[in-house]
Amino acid sequence: MIEIKDLHKSYQMGKNSLHVLKGINFDVKEGEFVSIMGSSGSGKSTLLNIIGILDEADEGSYTLDNVPIKNLNETIASQYRNKFLGFVFQSFNLINYKTALDNVALPLYYQGMARKERMERSMHYLEKVGLANWAKHLPNEMSGGQKQRVAIARALASDPKVLLADEPTGALDTKTSYEVMDLIQQINDEGKTVLVVTHEPDIAEMTKRIVFLKDGQIEEDKLVNQIRASQYV
Amino acid sequence: MFSIERWQEIFEGLYKNKLRTALTGVSVASGIFILVILLGAGNGIQNGIQKQFEQDAVNRVSVWPGVTQKEYNGLGVGRSVQLHNADYDLATTLLKDYIEYKSAIFSVWSGNIVYKKETGTYRVEGVHPDYQFIENASIVKGRFVNQSDNANYEKNVIIGQKVANDLFKNGEDPLGEQLNVSGMIYKVVGVYSDPGGEREESRVFIPIATAQKAYSAGDSIRSMAFTLKKSDQFDNAVAESHEFTQKLETFLKARHTIAPDDQGALYINNSLEQAKNIYIITGGVQAFFWFVGICTIIAGVVGVGNIMLIIVKERTKEIGIRKALGASPISIITMILQEAVFITVIAGFSGLIFGLIVWEIVGPYVEADFFTRPEVDFNVAVTTLVILIVAGAFAGFVPAYRAAKIRPIVALRGE
């Protein structure tokens with residue numbers, strides 16, 4: 001699903017160049033559940049942004065679902081994001097003047113789907129994350145866990161190939177974190193490829209494979225026995 | 001542009017952000033409103049100035065005699081010049097190509113006029129029929145002096161509105177009533193009004209032939225007045241009027257043996273020269289209000305642009321989210337522009353209508369010497385509105401384009 005070869009990325013910080021990713025080689029197969037770990041500054045967010053086509057690598061190749069991601073213009077990039085990827089952010093990033101249902105429907109709007117179908121499908125995903133009763137509520141009327149579940153529903157709405165989660169539990173307490181991880185595990189159980197960036201070991205233990213990043217290089221890449229979040233909920 | 005889905009998205013955005021929408025709308029609406037008020041005031045002042053000078057026909061030339069100040073051909077200084085019917089007849093024949101309306105005048109400065117128990121002192125002028133047009137007078141009732149009045153020495157009188165108000169206090173119809181003017185009985189055949197106001201309306205007109213007889217003046221006249229044929233170009237009009245004045249002066253001076261350079265023996269007043277000043281003044285006033293108006297539009301455009309910039313700034317994160325979810329740059333640009341244009345159109349039009357309504361209601365009550373009929377040409381107002389909308393869209397484009405360039409990653413990071 002994801003093939004990354006010899007990926008380099010540096011940022012220009014004034015006169016100094018900061019080499020963030022120093023030759024990453026990394027493959028993810030369909031249906032995998034991978035967590036990327038590392039201390040801050042290790043380049044894990046940069047890697048996720050490149051995978052999410054929010055940022056572009058300087059060198060190396062990146063193939064997503066057999067499509068080379070290289071020198072895309074903004075319009076194509078936005079189409080690919082819409083088609084291939086679902087995003088979950090630490091700070092939820094819901095549009096605060098839109099209801100939960102409208103937030104979930106937004107990727108479908110950009111797919112050009114008709115309003116009625118859009119709303120039905122969004123409602124289906126809201127049911128899936130257990131928030132059908134909150135469809136007409138605004139984000140600021142919801143708890144953090146609920147907001148993140150709306151964000152997950154939104155990420156799933158366009159039926160992407162890969163779900164990308166950047167510190168999805170970073171703003172949540174432990175109990176809510178496990179609830180959210182339980183939901184993400186269920187999504188993975190259904191066959192969706194999931195990539196999670198986290199710095200919390202207990203969250204990483206709930207995935208099936210952990211990639212440790214240090215100073216822009218992969219230090220360790222290991223398969224783990226998944227711990228089910230449902231036992232804590 | 002015409003997709004219902006997109007409009008729904010925009011209306012939702014506008015509706016859910018009421019304060020922002022309202023503030024943008026009010027600033028645009030007030031800009032247009034102020035512009036309409038300014039244009040109206042400008043027109044009011046312009047109309048007011050024009051009205052002040054409207055009392056006589058614009059292209060009027062008057063001639064009246066004085067006293068010689070120079071010796072000429074053996075005739076001495078201090079000789080009074082007297083004009084006669086023959087001067088008038090010959091001059092009008094000689095210069096008929098220039099003349100539109102013409103009249104000789106025999107006037108008495110203060111004539112005592114009596115109607116029943118009411119008395120007043122008014123200026124009495126014996127005139128030809130054309131004099132109505134030279135004075136810019138309009139007939140309220142009855143008629144003006146006509147040819148047969150002069151031919152038959154009729155004792156008819158046409159009185160000013162002011163005279164009618166003074167003498168016919170009980171609201172009687174003046175037409176057909178008998179007036180005693182300086183001891184002779186005249187019949188009122190007309191009432192006139194004059195844009196010059198009460199001063200110009202405190203006069204009575206009688207046929208010049210009758211006047212010369214009544215005041216034992218023989219064939220003497222006091223003055224002559226003409227208006228000249230119109231030219232399309234103001235400059236041509238001035239040139240022709242100057243030419244006419246020259247020829248008239250030369251002719252009359254030769255006839256009355258006056259030195260060509262004698263300044264005091266003959267006065268010729270050409271109102272077109274004054275009119276030129278009026279044109280300059282009203283032109284200046286107009287230019288000033290256009291200047292202010294254009295500045296207002298520029299301020300409005302800058303205001304709209306500024307608001308759009310702030311909106312984009314405020315929505316950076318939302319735009320980032322939309323882009324992460326698959327919004328193309330072009331869809332971001334059109335979204336912001338459509339919102340901007342929609343608000344500008346609705347608000348601008350409201351401001352325009354409101355301004356027009358204000359002038360419609362207040363306008364008739366604002367009446368001063370130099371301020372009349374404040375009004376706004378609807379076409380001008382709509383044109384400025386269109387300019388504002390186009391400029392607003394243009395001003396909105398820069399921030400919209402910038403918004404489309406926002407990297408989603410940067411927008412999403414900015415917490």
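Which two side chains, those of B:Arg203 and B:Asp194, meet in what kind of contact, and at what N to O distance? The side chains of B:Arg203 and B:Asp194 form a salt bridge at 3.8 Å, N to O, where a salt bridge is a side-chain nitrogen of Lys or Arg within 4 Å of a carboxyl oxygen of Asp or Glu. This is a predicted model, in which local features need pLDDT of at least 70 and side-chain atom pairs count only at pLDDT 80 or more, while totals for chains, interfaces and linings use all residues. Residues are numbered from 1 along each chain as its sequence is written, chains are lettered from A and ligands numbered from 1 in the order in which they are written, and side-chain values use heavy atoms, with hydrogens and water left out.

Side chains of opposite charge can pair when their charged atoms come close. B:Arg203 counts as buried because its relative accessibility is 4%, the term buried being used for under 20% relative accessible area, exposed for over 50% and partly exposed for what lies in between, with a 1.4 Å probe and protein chains only. B:Asp194 is buried as well, at a relative accessible area of 5%. B:Arg203 also forms a salt bridge with B:Glu200, their closest N and O atoms being 3.7 Å apart, and B:Glu200 is buried at 8%. Elsewhere in chain B, the closest N and O atoms of the salt bridge between B:Arg315 and B:Glu318 are 3.1 Å apart; B:Arg315 is buried at 3% relative accessibility, and B:Glu318 is buried at 9%. Through shared partners, salt bridges join B:Arg60, B:Arg123, B:Glu125, B:Glu135, B:Asp194, B:Arg199, B:Glu200 and B:Arg203 into one network. Over all chains, the search of the whole structure finds 29 salt bridges.

On a 1 Å grid over the protein atoms alone, a cavity is a set of points where a 1.4 Å probe fits but cannot get out, and lining residues have an atom within 4 Å of a point; grid points are joined across faces, edges and corners, and a volume is the space filled by probe spheres set on the points. The largest cavity holds about 60 Å³, and its lining draws on both chains, including A:Asp102, A:Tyr109, A:Arg115, B:Glu9 and B:Glu12. Helix 3 (100-110) and helix 4 (115-128) of chain A, together with helix 1 (4-16) of chain B, are the elements that give two or more residues to this lining, helices being DSSP runs of H or I with at least four residues and strands runs of E with at least two, numbered from the N terminus. Helix 3 of chain A gives the most, with four residues.

Chain A also contains an open sheet of six strands in the order 6-7-8-3-9-10, with mixed pairing, where two strands pair if DSSP finds at least two bridges between them. Its edge strands, each pairing on one side only, are strand 6 (85-88) and strand 10 (217-223). Within chain A, strand 7 (residues 162-166) and strand 8 (residues 193-197) run parallel and are joined by five bridges, with A:Leu164 opposite A:Leu195 in strand 8. Strand 1 (residues 2-13) and strand 2 (residues 16-28) of chain A instead pair in the antiparallel sense over ten bridges. These two strands form a hairpin with two residues between them, and A:Gly14 in the turn has a positive phi of about 65°.

Technical notes: 1 Å grid on protein atoms, 1.4 Å probe; cavity = no way out; pocket = protein on both sides within 12 Å on 5 of 7 lines; lining within 4 Å.
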